Amino acid sequence: MTERPSRWLSGFAALTYAFLFAPIVILVIFSFNDSRRVFIWQGFTLDWYPALLQNDRLLDAVWITLQVAALAVVGATLLGSLLGLGLARLRFRGSGGVQTLLLLPMVTPEIVVGISLLVFFSQLFGWNGSMGQIALAHITFCISYVAITVRARAASLDPAREEAARDLGASAVGTFRHVTLPLLAPAIAAGAMLAFALSVDDLIITSFQAGVGSTTLPIAIYSSIKFGVTPQINAISSIVIALVGLALLISWRVGAFRGPSARPVDADAEEGSA
Amino acid sequence: MPGVLWLAALFVAPLVIIAVISLGSLDDAGHLVLGQPTLDNYARALQPAFLPAFAKSLYYATTTTVVSLAIGYPVAYWISRYGGRRKIALLVLVMLPFWTSYLIRSYAWMIILRDNGVVNSALIETGLLADPIQMLNTDFSVILGMVYGFLPFAILPLFVSIDRLDQRLVQAGRDLYASGRGAFLHVTLPLTMPGIVAASLLVFIPALGDWVTPDLLGGADTTTIAKIVQVIFTSGRDWPYGSALGFMLMGVTIVGTLAGLRSLRRELIG
């Protein structure tokens with residue numbers, strides 16, 4: 001069973017990983033490029049990073065993006081976790097339909113979601129773009145991702161543990177709080193991280209919901225790529241990459257990426273340091 | 001489950017509304033008229049003038065899907081069979097680019113592919129090339145950007161499917177004198193088909209609806225349907241027509257999703 005991989009296969013995999021990371025590495029390198037012409041290497045500089053702090057437009061965009069992401073993470077995590085837990089636990093009529101409903105936002109072209117929400121908000125409420133509108137849209141497309149993550153873990157939990165808690169005299173609420181919730185926590189955290197990443201990154205759906213004064217970072221970056229790139233874009237992109245990498249590293253240590261298998265909590269903690 | 005209500009209100013209802021609007025029309029003053037449902041917008045969308053955009057959209061999405069599967073399957077197989085204890089770490093590495101902004105990644109390719117970009121400069125510097133080859137603003141760059149963007153969507157479901165495959169079945173095939181290739185073709189491939197279907201959908205659909213990559217990495221002749229819809233809704237007012245185009249994209253998606261629903265559910269929901 002433990003045959004060695006062929007050299008071709010390993011080489012191919014290595015090449016693919018190189019392909020996945022080369023653009024990111026090059027982008028970060030170019031953020032230290034001492035040239036106004038973004039695409040030609042001139043020498044090393046750190047100038048573009050402090051310059052970001054002078055750029056009010058970008059700073060505003062960062063602030064708006066973070067506010068939207070906070071709302072989206074809280075909303076989608078709450079609604080998505082309940083939905084995932086419900087789907088894993090309850091057998092009810094139409095649960096197949098709910099599963100399909102859950103998949104639909106993930107497989108609908110983003111542009112269709114974007115225009116339909118634009119029409120919905122403007123026709124029914126007369127809204128034409130605001131931070132709240134962006135947040136509502138983000139919650140909508142993040143719910144599915146959270147629900148699916150939580151559902152996978154909830155389905156693999158051993159019901160005997162909850163029964164044991166009840167047998168030992170815990171109330172239903174107490175069992176949920178002290179047994180179910182801690183067991184689900186890694187999946188909920190992973191779902192929340194996913195929602196955060198999706199929200200911070202989204203351009204297509206957001207571009208249809210943004211109005212004056214609600215420019216998010218992706219929209220600001222997009223327009224600056226389209227209409228004259230400044231080296232600052234490389235710098236802020238590198239910062240975003242570093243932050244995302246850091247967040248991944250942290251959730252890796254916390255154990256949010258452990259598979260759906262539900263091991264005892266203390267075993268999880270021990271392996272977390274491995 | 002309030003989540004269901006939320007999705008019904010903010011996902012299904014808006015879709016129904018654009019479905020209705022796609023049957024409407026504009027009066028002379030440019031106001032929306034919904035009184036007399038008509039299929040005019042769909043007929044307009046199927047005019048020969050728009051066929052190139054449709055063809056282009058399908059061409060990009062299909063090619064991206066095929067290339068992503070061709071790259072993704074061996075990699076997923078390699079991770080699953082030989083990843084050992086590092087499986088999860090290898091998967092997270094695949095996902096890492098996905099967690100960095102899609103936009104930023106397209107932009108990184110602009111730096112690389114430009115006429116005076118990294119690849120051309122390197123080739124000219126080493127004397128392999130006298131003049132830069134145009135790589136940006138071509139079909140090649142659009143497909144490259146899409147494959148780069150959507151490859152993780154292919155690798156994940158493929159990995160799940162391959163990893164779930166009971167290796168004893170492959171072993172049984174070998175014991176019954178199947179060659180390595182034969183066992184792969186007749187055992188591994190059919191049994192991982194749900195993963196292949198799920199991966200295809202998860203790549204094809206976002207590729208079909210993507211306008212950022214064609215916009216940034218493509219040139220003047222890389223107009224896709226998604227790009228047209230985007231222009232109609234951000235700068236024009238002809239919503240009925242834009243809705244019809246959008247709904248046709250949605251139609252392709254729905255057909256694909258229904259066809260692959262069981263596979264998708266199995267690979268994503270379990």
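Trainee: Is Trp127(A) buried or exposed, or partly exposed?

Mentor: Trp127(A) counts as partly exposed, because its relative accessibility is 34%. Buried means under 20% relative accessible area, exposed means over 50%, and partly exposed is in between (1.4 Å probe, protein chains only). Keep in mind that this is a predicted model, where local features need pLDDT of at least 70 and side-chain atom pairs count only at pLDDT 80 or more, while totals for chains, interfaces and linings use all residues. Residues are numbered from 1 along each chain as its sequence is written, chains are lettered from A and ligands numbered from 1 in the order in which they are written, and side-chain values use heavy atoms, with hydrogens and water left out.

Trainee: OK, and how many aromatic pairs are there over all chains?

Mentor: A search of the whole structure gives 17. Rings of Phe, Tyr and Trp (its six-membered ring) pair if their centres lie within 6.5 Å; planes under 30 degrees apart are stacked, over 60 edge-to-face, and the rest tilted.

Trainee: Why is the pair of Phe125(A) and Trp127(A) tilted?

Mentor: Their ring planes are at 35°, so the pair counts as tilted, and the ring centres are 5.3 Å apart. Phe125(A) is partly exposed, at 46% relative accessibility.

Trainee: Which residue of chain A does Asp215(B) form a salt bridge with?

Mentor: That's Lys226(A), with the closest N and O atoms 3.2 Å apart. The pair crosses between chains, from helix H11 (residues 212-217) of chain B to helix H10 (residues 217-226) of chain A. Helices (H or I, at least four residues) and strands (E, at least two) are DSSP runs, numbered from the N terminus.

Trainee: And what else is linked in that network of salt bridges?

Mentor: Lys227(B) is linked in a network with Lys226(A) and Asp215(B). The side chains of Asp215(B) and Lys227(B) meet at 3.1 Å, N to O. Lys227(B) sits in helix H12 (residues 225-235) of chain B, twelve residues from Asp215(B).

Trainee: Is Asp215(B) buried or exposed?

Mentor: Asp215(B) is buried, with a relative accessible area of 14%. Lys227(B) is buried at 17%, whereas Lys226(A) is partly exposed at 34%.

Methods:
Salt bridge = Lys/Arg side-chain N within 4 Å of Asp/Glu carboxyl O.
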